[in-house]
Amino acid sequence: MKFVDEVRIYVKAGDGGNGAVSFRREKFIERGGPNGGDGGNGGSVSFVANPQLTTLLDYRYQQHHRAKNGEHGMGSDCNGRAADDMVLQVPVGTLIRNEQTGELLVDLSDPGQVFMAAKGGRGGLGNMNFATSTRQTPRFAQDGTQGEEITLRLELKLLADVGLLGFPNAGKSTFISRVSRARPKVADYPFTTLVPNLGMVQYKDHLSFVMADIPGIIEGASEGVGLGHQFLRHVERCKVLVHLIDMGAMGDGRDPLADFNILNKELKKYSAELASKPQVVAANKLDLTEARERLGPFTEALRRRGIRVYPVSCATGEGMQALMDSVAEVLFTGRTDKIHTEAPAKGSGKRSGASAKKAPKKASTTRPAKKAAKKASTRTAAARKPVARKGAAKKSVAKKAAGPARKSTAKKGAAKKSVAKKSATRASVARKAVAKKTVRKASAKKSAAKKSGGRR
């Protein structure tokens, strides 16, 4: 079946029937009065989301859809028949837009959801509805209204929970064929997948989810290179994106890290919201020797960004279970612990390769390492001893040179002290002599005074 995900169609609702102008004409009944019936309503055009459909192929070749008109009114009070509505079946996940304005009218994301795109015209009233006491013979009726018409653009966005992204020939079709019952085309040349493929994945504990495989994306897809961005709309509804990196890709400028950067760059150009969804990085084709050689540098480069890499091999099934466990955890619980890793510290990234190699040797506690450490310590102690002896000799020489200087200064200090003592004793003797003289003079004066008093 050919896959078609975008079409342009024209829809026209039915017109309403006109009302009838009629009068009752029967034998023996004079002036029977008006008996014109009303016109019927026109049919409307509606869209219904059908989960059994997966493509818009039916609307590629039939682009004009018109509902039937309502019947006109008739005499004898007969109303016209209303037309049936036209119901158009579309796949679940179809977006209906106005072609002229680009406005999104509805998103049919639920099974059985109904949307009326064009409403049918209303039927006109017959002349029997216009009879009054003053106007008993109305000779006119009302015409029906026209139904709505509009040009629509239908876009299909597949309802998938997990989306597979990667370069052409990265192994996406092999991946979805291994985890689900989908059987897409698998070949050894690029752009094997030309249309999206859906697969139902049966997980543990009776849990299941839908996975979508879209054609490969290459650099310049936003400018129309390859298949462009036309299929990225099918993973916009996905909750988790799996980046499948081809570790064995050979060619000019092909590198796993460069491929990863190009994928994220193209996603941001298409939609910033799509690029911000949780991403699980899987390194594929580990069954190849060159792929295993590239795995180490690629894993280390993404670890610096805080992204964990899951090495897998879609051909042999290696590492598939761990990858599916991480995808299911993000999908059903919303936790993203398993798809992220702690980035190394800023200082550790600047270390050279030699220092990084020496670090494990320091941390080792084996006996040979301990012996080597003891020998190194004894050597350093032996080298330090002569230096210590030389320092002691220098100190002794300095002490000897400083000895006579200290003695001379001590002698000078003693001489100064003796001179000071002599001067102090001389001063004290002079003071005592002066005191004795003053005492003698005082006693002489007293005795002279006593003698003079006795004579009187």
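The structure is a predicted model, in which local features need pLDDT of at least 70 and side-chain atom pairs count only at pLDDT 80 or more, while totals for chains, interfaces and linings use all residues. Residues are numbered from 1 along each chain as its sequence is written, and side-chain values use heavy atoms, with hydrogens and water left out.

**Overall fold.** The chain contains 8 helices and 14 strands, taken as DSSP runs numbered from the N terminus (helices H or I, at least four residues; strands E, at least two). Of its 456 residues, 37% are buried, where buried means under 20% relative accessible area, exposed over 50% and partly exposed in between (1.4 Å probe, protein chains only). Among contacts (heavy atoms within 4.5 Å) with a separation of 6 or more, 74% join residues 24 or more positions apart.

**Largest pocket.** A pocket is an open set of points on a 1 Å grid over the protein atoms alone, where a 1.4 Å probe fits, with protein on both sides within 12 Å along at least five of seven lines; lining residues have an atom within 4 Å of a point. The largest pocket has a volume of about 360 Å³, a volume being the space filled by probe spheres set on the points, which are joined across faces, edges and corners. Of the 26 residues that line this pocket, Asn169, Ala170, Gly171, Thr174 and Ala187 are the closest to its centre. Helix H2 (residues 172-179) supplies the largest share of the lining, 3 residues.

**Helix H2.** Because 6 of the 8 residues of H2 are buried, this helix is largely enclosed by the rest of the structure. The buried residues are Lys172, Ser173, Phe175, Ile176, Ser177 and Val179, and they pack against the elements in the table.

| Element packed against H2 | Residues |
|---|---|
| Strand S9 | 162-166 |
| Strand S10 | 197-202 |
| Strand S11 | 208-213 |
| Strand S12 | 240-246 |
| Helix H6 | 320-333 |

**Single residues.** Ile150 lies in strand S8 (residues 149-156), and, leaving aside its neighbours within four places in sequence, Ile150 is in contact with Ile9, Tyr10, Val11, Asn98, Leu105 and Ala117. The C-alpha atoms of Ile150 and Ala118, 32 residues apart along the chain, are separated by 7.2 Å. The structure holds 0 disulfides (pairs of cysteine sulfur atoms within 2.5 Å); Cys78 counts as partly exposed at 33% relative accessibility, whereas Cys238 counts as buried at 0%.
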